[in-house]
Amino acid sequence: RVHGDWIAVGARHADGEGERGALHLFRRIDGVWTHAQRLTSPAPSATGDAFGANVAFAGDWLVVGDLAAR
């Protein structure tokens with residue numbers, strides 16, 4: 001999802017093991033997109049963790065879905 005000078009990209013199963021998802025934030029500064037941060041779920045890892053599967057901006061808020069959250 002794009003919001004102004006920010007892009008949020010969900011990466012389900014980002015650890016390569018099929019268990020841990022992540023969200024990558026990119027920021028545009030002077031016309032150049034730069035990787036700003038990688039976020040992972042604060043919940044304990046679970047098989048099938050889908051953190052980042054759904055991403056949405058709501059005003060100044062970023063909402064990240066975690067299908068395996070308990």
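Reader: Why is Asp30 called exposed?

Author: Asp30 has a relative accessible area of 79%, and a residue counts as exposed over 50%, as buried under 20% and as partly exposed in between (1.4 Å probe, protein chains only). The value for Asp30 therefore falls in the exposed class. Asp30 lies in the loop between S3 and S4, and it has a positive phi of about 55° although it is not a glycine.

Reader: What kind of model is this, and which residues and atoms are taken into account?

Author: This is a predicted model, in which local features need pLDDT of at least 70 and side-chain atom pairs count only at pLDDT 80 or more, while totals for chains, interfaces and linings use all residues. Residues are numbered from 1 along each chain as its sequence is written, and side-chain values use heavy atoms, with hydrogens and water left out.

Reader: What makes a stretch of the chain a strand, and how many strands and helices does the protein have?

Author: Strands (E, at least two residues) and helices (H or I, at least four) are DSSP runs, numbered from the N terminus. By that rule the protein has 6 strands and 0 helices, and along the sequence the pattern reads β-β-β-β-β-β.

Reader: How do you know that S1 and S2 are paired?

Author: Two strands pair if DSSP finds at least two bridges between them, and S1 and strand S2 (residues 6-11) are joined over 2 bridges in the antiparallel sense, so the pair meets the requirement. Within this pair, His3 stands opposite Trp6, and Val2 has Ile7 as its bridge partner in S2. The hairpin of S1 and S2 has 2 residues between the strands, and in it Gly4 takes a positive phi near 60°.

Reader: Which strands make up the open sheet, and why do some of them stand at its edges?

Author: The open sheet has 4 strands in the order S1-S2-S3-S4, with antiparallel pairing. Strand S1 (2-3) and strand S4 (32-40) each have a single partner strand, so one side of each is left without a neighbour in the sheet. S2 and S3 are joined by 6 bridges, and Ala8 stands opposite Leu25 in S3.

Reader: What joins S5 to S6?

Author: Strand S5 (residues 55-58) and strand S6 (residues 61-64) run antiparallel and are joined by 4 bridges, with Ala56 standing opposite Val63 in S6. Their hairpin has 2 residues between the strands, and Gly59 there takes a positive phi near 65°.

Reader: What makes the approach of His24 to His35 a polar contact?

Author: The two side chains make the contact at 2.8 Å, whereas the definition asks for a pair of N or O atoms within 3.5 Å; within protein, one must be able to donate a hydrogen and the other to accept it, and residues adjacent in sequence count only if both atoms are side-chain atoms. His24 is found in strand S3.

Reader: Is Leu23 buried or exposed, and what does it touch?

Author: Leu23, in strand S3, has a relative accessible area of 0% and is therefore buried. Contact means heavy atoms within 4.5 Å, and Leu23 touches residues including Ala8, Gln37, Phe51, Val55 and Leu62, not counting residues up to four places away in sequence. The C-alpha atoms of Leu23 and Ala11, 12 residues apart along the chain, are separated by 5.9 Å.

Reader: Why does Leu23 belong to a nonpolar core, and which residues form the largest one?

Author: A nonpolar core is a set of buried Ala, Val, Leu, Ile, Met, Phe, Trp, Tyr and Cys residues joined through side-chain atoms within 4.5 Å. The largest here has 5 residues, Ala8, Leu23, Leu25, Phe51 and Val55. Buried residues make up 26% of the 70 residues in the protein.
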